[in-house]
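Please read them with the coordinates open.

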Amino acid sequence: LLTAAAAWKLSADYHAQPWLAEFHVGEGRIDSLTLADGSKIIVNAASTLLYPATFNPHTGSRDVFLTGEAHFEVAKDERHPFIVHAGNLDIRVLGTHFNVRAYADDGDIVTTLEEGSVRLSDNSRAALMKPGEQIAYRRVDGFMRRKQVKADDFRLWTQGRVDFHDQPLQLILEQIGTLYHVTFDIDDS
């Protein structure tokens, strides 16, 4: 009886799904956290990250869920890949630095890779990224647009700076509005 109880307890621990903690950053703020595995995450304004307080070593991966924008410095663990779930897109890494912009109102989920490699996938498509690349994943149909970028420009927000090159005014005002918790009204003219 004692052996059966110990086996049941071990099995329950092995398959246990951890409770998810919520880390929400309000508009006009930037905050950061370090996960139990040593991964460092800077979370942008109006963003939410769901993560387990501890990662179960018996599961195959370290899963977090993002709505909004965050910059990740993932602790390397080859046996337990780190997966960021953003909408329908899964971003799978072993250890790397990258930025994800996945606000619910944005039509695209944009991943920018600084170093290492990541694999983006949904139910029907997958793409492997190299450093200095950016992939915009279109939410409505899963189409992925890849381009070369200066990756450091896409993490300036982590230092409280903004920099825009060849961006439409609407996008610039949305990002400034989120960062500084202001609203812009633009006349059609």
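1. For what follows on residue classes, Ala, Val, Leu, Ile, Met, Phe, Trp, Tyr, Cys and Pro count as nonpolar, Asp, Glu, Lys and Arg as charged, and the others, Gly among them, as polar. By that scheme, the lining of the largest pocket has 13 nonpolar, 9 polar and 11 charged residues.

2. This is a predicted model, in which local features need pLDDT of at least 70 and side-chain atom pairs count only at pLDDT 80 or more, while totals for chains, interfaces and linings use all residues. Residues are numbered from 1 along each chain as its sequence is written, and side-chain values use heavy atoms, with hydrogens and water left out.

3. The largest pocket has a volume of about 830 Å³ and is lined by 33 residues, of which Gln134, Phe154, Gln167, Leu171 and Gln175 lie nearest its centre. Two or more lining residues come from each of strand E8 (97-102), strand E9 (108-115), strand E12 (133-138), strand E13 (144-148) and helix H2 (169-180), with H2 giving the most, 5 residues. A pocket here is an open set of points on a 1 Å grid over the protein atoms alone, where a 1.4 Å probe fits, with protein on both sides within 12 Å along at least five of seven lines; lining residues have an atom within 4 Å of a point. Grid points are joined across faces, edges and corners, and the volume is the space filled by probe spheres set on the points. Helices (H or I, at least four residues) and strands (E, at least two) are DSSP runs, numbered from the N terminus.

4. Buried means under 20% relative accessible area, exposed over 50%, and partly exposed in between (1.4 Å probe, protein chains only).

5. E7 runs antiparallel to strand E6 (residues 82-86), joined by 5 bridges, and Ile83 stands opposite Arg92; two strands pair if DSSP finds at least two bridges between them. E6 and E7 form a hairpin with 2 residues between them, and Gly87 in the turn has a positive phi of about 60°. E7 also pairs with strand E10 (residues 118-121) in the antiparallel sense over 4 bridges, where Ser121 is the bridge partner of Asp90.

6. Two residues other than glycine deserve a look at their backbone: phi is near 55°, a positive value, in Ala46 and likewise near 55° in His181. Ala46, in the loop between strand E3 (40-43) and strand E4 (47-52), is partly exposed at a relative accessible area of 25%. His181, in the segment after H2, is exposed at 52%.
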